[in-house]
Amino acid sequence: MAKEIDIFYDVALKLTNQAGELIRSKVGVSLVADLKSCDIDLVTETDQAVEKLLMDGIGAEFPSHKFIGEETVASGGSCNLTDEPTWIIDPIDGTMNFVHAFPHSCISLALFIDKQPQIGIIYNPMLEQLFTARKGQGAFLNGKQIHASKEAVLAKALIMLENGTSRDPEKMKNLFINQQNIIPKIHGTRCLGSAALDMAMVALGCADAYFEFGIHVWDIAAGELLIKEAGGVVIDPSGGELDRFSRRVLCASTPQLAEQITANLVQFYPMPRD
Ligand code: LIP
């Protein structure tokens, strides 16, 4: 199976680079964005074209493989993970950034087999940042191994915090309460506008944690393996095991830091699940 996964990885990487060229060619072009769940949840033709390029390319090489893609699910496609080899794809994570030519968007692509992540790829084509991870083989940025920080003290933590793509009043109220609770107790927060790139910063060791209520499985699928292979933890924000379809995630450099963040969070349970 290891040899097969090598082949899956090589094909995925080739297609990701092609998709990156497509994204680069469209940056700054006056893009027409359609609205999804609200006026800050955007999708462009490039999101859809990238997802099609990846799915068509992988499907041509491996016809039995399954897919969970953000834009395919948005059009009524399946969001069901089985034991079959399944690619979980966010074609452009940070579509709002892409529309504004703010250079923090990425392709997020993960392969799951028997419901376990085997490959994680997060590629920001605007800044040429290629984050990769293979199960049991470490995490890398542009081929150089990376490691999560060893930060275990909340007061010294730099935490990635997103405003999200929802206007839901209850969700926004929870976001503001958690910001008020946690910001006075830490070094600071940063917001990239992309869940996958936030997770890449934790794997890179330049941020110590990230949490968000309201993400989707395609936002976190690649980042989960990247952080775990970099030595960090990815769990449910209440402290339990990650539930990939619950639309909740907490990532941290160490279990000790994760525990302190959990103790300071007011929990929120986005519905519906993925
Ligand atoms: C989203 C980001 C948003 C973040 C969400 C998701 P999308 O990506 O734009 O900042 O909070 O978790 O990652 O919807 O543009 O692919």
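Me: How many bridges join β12 to strand β14, and which way do they run?
Reply: Five bridges join β12 to β14 (residues 248-252), and the two strands run antiparallel. Strands are DSSP runs of E of at least two residues, helices runs of H or I of at least four, numbered from the N terminus. Two strands pair if DSSP finds at least two bridges between them.

Me: What kind of model is this?
Reply: It is a predicted model, where local features need pLDDT of at least 70 and side-chain atom pairs count only at pLDDT 80 or more, while totals for chains, interfaces and linings use all residues. Residues are numbered from 1 along each chain as its sequence is written, and side-chain values use heavy atoms, with hydrogens and water left out.

Me: Back to β14. Which residue there is the bridge partner of Tyr-210?
Reply: Cys-251.

Me: And what joins β10 to β12?
Reply: Three bridges, with β10 (residues 158-161) and β12 running parallel. Met-160 has Tyr-210 as its bridge partner in β12, and Leu-161 has Phe-211.

Me: What's the order of the strands in that open sheet?
Reply: The five strands go β11-β10-β12-β14-β13, with mixed pairing. At the edges are β11 (188-190) and β13 (233-235), each pairing on one side only. From one strand to the next the twist averages 25°. Angles run from 0 to 180 degrees between N-to-C directions, using lines fitted to C-alpha atoms, for helices over the stretch in contact.

Me: Which strands does helix α8 touch?
Reply: α8 (residues 255-263) packs on the sheet and touches β10, β12, β13 and β14. Its direction makes about 135° with that of β14. Contact here means heavy atoms within 4.5 Å.

Me: And α5, what does that lie across?
Reply: α5 lies across β10 and β12, running at about 155° to β12.

Me: Why is β12 largely enclosed?
Reply: Five of the five residues of β12 (residues 209-213) are buried, so the rest of the structure largely encloses the strand. Buried means under 20% relative accessible area with a 1.4 Å probe, protein chains only.

Me: What lines the largest cavity?
Reply: Leu-161, Glu-162, Lys-171, Asn-174, Leu-175, Asn-178, Phe-211, Glu-212 and Phe-213. The elements giving two or more residues are α5 (169-182) and β12. With four residues, α5 gives the most.

Me: New topic. What is the order in the open sheet of seven strands?
Reply: β3-β4-β5-β6-β7-β8-β9, and the pairing is mixed. β3 (66-69) and β9 (144-146) stand at the edges with a single partner strand each, so one side of each has no neighbour in the sheet. The twist averages 20° from one strand to the next.

Me: How do β5 and β6 pair?
Reply: β5 (residues 106-113) and β6 (residues 116-124) pair in the antiparallel sense over seven bridges. Phe-112 stands opposite Pro-117 in β6.

Me: Which strands does helix α1 lie across?
Reply: α1 (residues 2-26) lies across β4 (86-93), β5, β6 and β7 (129-134), at about 25° to β6. Helix α2 (residues 45-61) lies across β3, β4 and β5, at about 155° to β4.

Conventions:
Buried < 20%, exposed > 50% of the residue type's maximum accessible area, 1.4 Å probe, protein only. 1 Å grid on protein atoms, 1.4 Å probe; cavity = no way out; pocket = protein on both sides within 12 Å on 5 of 7 lines; lining within 4 Å.
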